[in-house]
Amino acid sequence: MSAVNPSLTDMQRAMQDAFRVHWRLMMFQGVIMIILGALAVAAPVIATIAIDIYIGWLFLISGVIGLLALFSTNDIPAFLWGLITAALSVALGVLLIWRPVEGAASLTFLLTAFFFVEGVFQIATSLVYRELIPGTWAGC
């Protein structure tokens with residue numbers, strides 16, 4: 001039971017109690033994360049292939065669930081778009097699982113392109129908001 005501190009909210013007291021009870025579990029998780037990080041640095045090829053296979057399974061499961069959801073409901077707007085994206089997700093998942101080495105290189109290029117495009121869109125959005133909502137950029 002925690003000592004009652006009137007300056008803490010109920011949420012803060014609940015978090016304080018949870019940390020007091022579970023600090024060993026959090027410490028264990030931290031140690032495991034450090035070990036896994038060190039292993040990933042020591043064996044980057046194995047870590048990359050493991051991540052590639054994991055992402056492949058995520059795509060595969062997501063695509064199958066998407067197809068099941070798509071075909072289990074009636075009158076879906078944009079049915080063709082949903083079908084294409086779900087089928088693409090299944091195909092990508094199968095390819096990443098089946099050919100993880102090639103998939104690792106492809107994922108690297110894909111993530112690079114994604115971050116570049118996302119950065120460009122984020123800059124464009126911030127410039128548009130600057131014009132649409134005056135005062136959002138302090139000092140400008």
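The largest pocket holds about 150 Å³ of space. A pocket is an open set of points on a 1 Å grid over the protein atoms alone, with protein on both sides within 12 Å along at least five of seven lines, and lining residues have an atom within 4 Å of a point. The model is predicted: local features need pLDDT of at least 70, side-chain atom pairs count only at pLDDT 80 or more, and totals for chains, interfaces and linings use all residues. Residues are numbered from 1 along each chain as its sequence is written, and side-chain values use heavy atoms, with hydrogens and water left out.

The lining of the largest pocket consists of Leu 36, Leu 39, Ala 40, Ala 43, Ile 46, Ala 47, Ala 50 and Ile 51. Two or more of these residues come from each of α1 (10-42) and α2 (44-72). The largest share, 4 residues, belongs to α2. By class, the lining has 8 nonpolar, no polar and no charged residues.

Helices α3 and α4 also pack against each other.

| Helix | Residues | Residues in the contact |
|---|---|---|
| α3 | 79-98 | Leu 96, Ile 97, Trp 98 |
| α4 | 100-132 | Pro 100, Gly 103, Leu 107 |

Their axes lie 6 Å apart at an angle of about 120 degrees, and α3 and α4 are therefore oblique to each other. The residues of this contact divide into 5 nonpolar, 1 polar and no charged.

Ser 89 is found in helix α3. This serine is buried (under 20% relative accessible area), with a value of 11%. Leaving aside neighbours within four places in sequence, Ser 89 is in contact (heavy atoms within 4.5 Å) with Phe 59, Leu 60, Ser 62 and Gly 63.

Definitions and conventions. On a 1 Å grid over the protein atoms alone, a cavity is a set of points where a 1.4 Å probe fits but cannot get out, and a pocket is an open set with protein on both sides within 12 Å along at least five of seven lines; lining residues have an atom within 4 Å of a point. Grid points are joined across faces, edges and corners, and a volume is the space filled by probe spheres set on the points. Ala, Val, Leu, Ile, Met, Phe, Trp, Tyr, Cys and Pro count as nonpolar, Asp, Glu, Lys and Arg as charged, and the others, Gly among them, as polar. Axes are lines fitted to C-alpha atoms, for helices over the stretch in contact, and angles run from 0 to 180 degrees between N-to-C directions. Angles under 35 degrees count as roughly parallel, over 145 as roughly antiparallel, 65 to 115 as roughly perpendicular and the rest as oblique. Buried means under 20% relative accessible area, exposed over 50%, partly exposed in between (1.4 Å probe, protein chains only).
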